[in-house]
Amino acid sequence: MPTGKKTYWESFEETPLYAAIWTYLGYGLLVLVGHIRDFFRNIGLERQKSCTEPKLPNSNLWVYGSILLSEISALYLYIQMLEYYDLPKCEQDDTNCCYITGFVPLYQSWESFYTRNLYRRIRDCWNRPICSVAGATMDIMARETHDHGWNFNLTDKKIHVMNFGSYNYLGFAENEGPCKDAVEKVTNEYGITACGSRQELGYLDIHKELDELIAQYLGVEAAMTVPMGFATNSMNMPCLVGKGSLIFSDELNHASLVLGSRLTGATIRTYKHNDINDLEKKLRSAVVHGQPRNHRPWKKILIVVEGVYSMEGSIVNLPEVLRLKKKYKAYVYLDEAHSVGAMGPHGRGVVDYFGIDPKEIDIMMGTFTKSFGSSGGYIGGTKKLINHLRCHSHASVYSPTMPPPVAQQIIASMKIIMGLDGTGEGMRRIEQLKENCRYFRRRLHEMGFIIYGNKDSPVVPLLLFMPAKIAAFSRECLKRGLGTVVVGFPATPIIESRARFCLSAAHTREMVDKALDVINEVGDLLKLKYSRMELPQWCEDDKNANHLVQQH
Amino acid sequence: MMAIIPATWDMYDMFQAVIQAPAYHLIFEALLIIWIFKLMFSKAYAPNKTILTEKEKEELIQEWQPEPLVPDVPDDHPVLQAMNNNIISGRPDKVMVINGKSVVNMASLNFLGLLGDESIEAAAQKALSKYGVGSCGPRGFYGTMDVHLELEERLAKFMNCEEAILYSYGFATIASAIPAYSKRGDVIFVDEGVCFAIQKGLIASRSVIKYFKHNDMDDLERLCIEQQKEDKRVPKKAKVTRRFLVVEGLYAKHGDICPLPKLVEMKWKYKLRIFVEESFSFGVLGDTGRGVTEHYGINIDEIDLMAACLENAIGGAGGFCCGKKYIVDHQRLSGLGYCFSASLPPMLASGAIQSLNIIIDDPGMFGKLRNNCTLIHEKLSKIEGMRVVGDPVAPIKHFSLSEPSDDRDLDNRSLEKITQEAMQRGLALTPARYLEHEEHNLPLPSIRIAVNVKLTEEEIDTCINIVADSCQAVLSKSS
């Protein structure tokens, strides 16, 4: 049993019943109001403010609408509500509006119901533009809306806030320091692009250096890079498995893994999030029964997992996954997008965290967007695997290599993390992040919030539940100088809307304290302290955190 | 209710009736009741349901041997050789340094020579000192910098569109845009010569894909008529089946231009929504580089969606889509590569803005590029034993054997040798590489020559001479 297993602690506290009921009621009300307003929009009583496909107005629309309204509106509403889930097409569109060109409408009206009636009300909580480095603090450009969220205008005002939303785990999103200097120099030498694919003379010496450094960092035989993290998954997975193979995918895997799996052509089965028993049951049955219908044995079985799940804050139970891998001879694809750099005593991801030899993982994948403050992704593994990908990956053949400045940022930050720069800066950052995570989580537990995830994960989701609280939390925090990310349906289950904090080594203890004060205040204001759980025991091990808690 | 519960005197009548009934009747009814009970408690019909014991299962698990994760790639694979032997240092500009030797570059897709422009680098460095390198988040979560908004606005303005949307990777642009609109059950008509990114987008959309022959409008019309017949048969389904037409402005695999006027005509005639992928025509075709629409003098509003990457002519990174607001905006919530990926590093966005400034300020370069393209096309076509495929004004030329053999590998090797010869003589070329087993419609093996606007006529002459010499050296040896 690996040593890491002893300290593996995760919590997903159950939603309180009354919170669940109120949340459903809240959504119910929003949907009802949405339907009433959609009805008004359809008959022309409310102006259609969303940008939709041009339609020719029907001259009888007004007359028709007012009669309908006065006589059968109540009945109609009821019917429309019932039919909303069955009928893909709204009756109104058919009879009263003809699309100017006779084209089939590009969007079905029910497709955008959620966007129009729910998301639009709280749209200001997302896509906030910033005009500074996304470091420990950032400058948000204030927007204003004159039509309740349909359109936004930028104002000249800037809001300086603490940044607990960006994936800047090790704090390498910096506009000064050794990384920036190195990148500046490389921009002078190489320009900003390579203008060619890896196989078509776009592979520069800097890419070679990067590939070798990553292999050394991960402790694998070889590695290769792709300029976009999302594409690292979606463009490389199809080279690994194909028809006749089976993919086991955690149900909460990232969209890029889902797309990549789908593009392989292999059969895909999902298992419950991080549930080893469910995985084993399904794996066993798959190996025993073979392919459906013809019962031929599967060609290969690939288990696809993420290191840290960015919406749950949970960490994959890697030792157990590896036990199953060995028992059932499956291959493991580990996506360390959120864990590389951020986890483990040397910042080498969950593999390091659990003290596992990286060579046991067949495919090590990760991105540079987060901990390295750059962009792109990598795949690491055996020399055989990487040679195959270099020859046959979609990314090596069809798209350009990484822009040299981006590559240089990775080289520079990776060397710092590895301690190759001769300073202890890398270790300091890793320690700082670890400390911040434990401390932040402990304090939130103490305040009585429901917090999801692993005690060591740098992603901290705080449960908000109700739809109105999503917006209220985000706005109130922003008002008090804290920039956070809030997430609701469809990115989470409908009653599990949450706020998400991403901790960073760039946050000082004072900043974390300040942020906690803000969260505490807003939590009281919005009555968010739902937790009825006993304080988790792991905190007692952490002397440092204990010490500081006593001071408060 | 009363009828269901018999009164006492009814009960008495019933009892009397049972006594008076003949014996065979009672026996028959008793048998029926027994039979019902038997049916109720007997096991369900289950043919051949084999239940494996745990031991048998263990044996099966022990026996199963998966295939190796990846097949072996020999160390002397031509691609690995080419990658390991050609170490490029510094920027791959018009002249680049490979293995310490400086050679003329006709491989990089740097059509406008913007790679290596100092003002672009300066703009990027300025952004670097403001934003750092990475944006550390997707567009929704504090990954939107003001430069992203500015670049989108500038691109939309440049293309005369209502709105543009920026992606962080060229390949992901069209591959995400197609599935954002076209869903299961929809129909997509697509040219069979489209690039790999489009092919992946089509697969991801799970729609019905109908390929028509490359640039063959009659074949497209045939498919449209076929679809019309099908629609008449099931009008209810036709009412919700969206139809799309996906083409490339300038085909990367063939180097020729799509017949856009005819395609637009088809769009209106058969009510198709037309998506044009302009990665190779944006910043190349047209008098001011606005792409294939300008080349044919077609109003951009006739095109539903235009997508292009900024990695070729613009000399940056990423890609964008532009069109009407009601179309483009949809991708902000449905484009996978937009929503779920970190945004473009701001310094690259700044670089792209500066590139746009340059091509707006100096539209003369497009004329120059066209001259270079036609000149090179003309000279290449004179080389014996080889032929050049594509349109004379295209900045990529597919230069292939005029008499290809049946053996694709053999031709590939000859072309590989030609590029090696040329490299010896001071010219960098690259064979066009494809995933041969995965391409929908594999073009003939070729050397892909990229034209740079900065090449002078003398340089072109020298380069073409080198190409001719290398071809001769290789082809005479093999024949």
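Me: Which helix gives the most to the lining of the second largest pocket?
Reply: That's α19(B), with eight residues in the lining. Keep in mind that we're looking at a predicted model.

Me: And which other elements supply at least two residues there?
Reply: Besides α19 (408-424) of chain B, there are α4 (78-85) of chain B and α12 (383-392) of chain A. Both chains therefore have a hand in this lining, going by how helices are assigned.

Me: Which residues lie nearest the centre of that pocket?
Reply: His77(B), Val79(B), Asn412(B), Tyr434(B) and Glu436(B), out of 25 lining residues.

Me: How much space lies in it, and how do the lining residues divide by class?
Reply: The volume comes to about 680 Å³. The lining has 10 nonpolar, seven polar and eight charged residues.

Me: OK, switching to cavities. How many of 30 Å³ or more turn up in the whole structure?
Reply: The search finds 10 of them. The largest cavity holds about 450 Å³ of space.

Me: What lies nearest the centre of that largest cavity?
Reply: Tyr398(A) and Ser399(A) from one chain, plus Cys195(B), Ala252(B) and Phe280(B) from the other. In total, 30 residues line the cavity.

Me: Which elements give two or more residues to that lining?
Reply: From chain A it's α13 (394-398). From chain B you have α8 (170-181), α9 (196-205) and β12 (396-401). The largest share is three residues, from α8(B).

Me: And the classes for the largest cavity? What does its lining have?
Reply: There are 15 nonpolar residues, seven polar and eight charged.

Me: Let's do the interface. What area is buried between chain B and chain A?
Reply: About 9,900 Å², and carbon and sulfur atoms give 66% of that. On the chain B side, Trp64(B), Leu69(B) and Tyr142(B) supply 10% of the area that chain B buries against chain A, more than any other three residues.

Me: How many residues does the contact take from each chain?
Reply: 113 residues from chain B and 113 residues from chain A.

Me: How many salt bridges does the rule find across it?
Reply: Five between chain B and chain A. One to look at is Glu54(B) with Arg284(A), where the closest N and O atoms are 2.9 Å apart. There are also 37 residue pairs in polar contact across the interface.

Me: Which helix of chain B gives the most to the side that touches chain A?
Reply: Helix α5 (residues 118-131), with eight residues. By class, that side of chain B has 60 nonpolar, 27 polar and 26 charged residues.

Definitions and conventions: Residues are numbered from 1 along each chain as its sequence is written. Chains are lettered from A and ligands numbered from 1 in the order in which they are written. This is a predicted model: local features need pLDDT of at least 70, side-chain atom pairs count only at pLDDT 80 or more; totals for chains, interfaces and linings use all residues. Side-chain values use heavy atoms; hydrogens and water are left out. On a 1 Å grid over the protein atoms alone, a cavity is a set of points where a 1.4 Å probe fits but cannot get out, and a pocket is an open set with protein on both sides within 12 Å along at least five of seven lines; lining residues have an atom within 4 Å of a point. Grid points are joined across faces, edges and corners, and a volume is the space filled by probe spheres set on the points. Helices (H or I, at least four residues) and strands (E, at least two) are DSSP runs, numbered from the N terminus. Ala, Val, Leu, Ile, Met, Phe, Trp, Tyr, Cys and Pro count as nonpolar, Asp, Glu, Lys and Arg as charged, and the others, Gly among them, as polar. Contact means heavy atoms within 4.5 Å. Buried area is the accessible area (1.4 Å probe) that two parts lose on being put together, summed over both. A salt bridge is a side-chain nitrogen of Lys or Arg within 4 Å of a carboxyl oxygen of Asp or Glu. A polar contact is a pair of N or O atoms within 3.5 Å; within protein, one must be able to donate a hydrogen and the other to accept it, and residues adjacent in sequence count only if both atoms are side-chain atoms.
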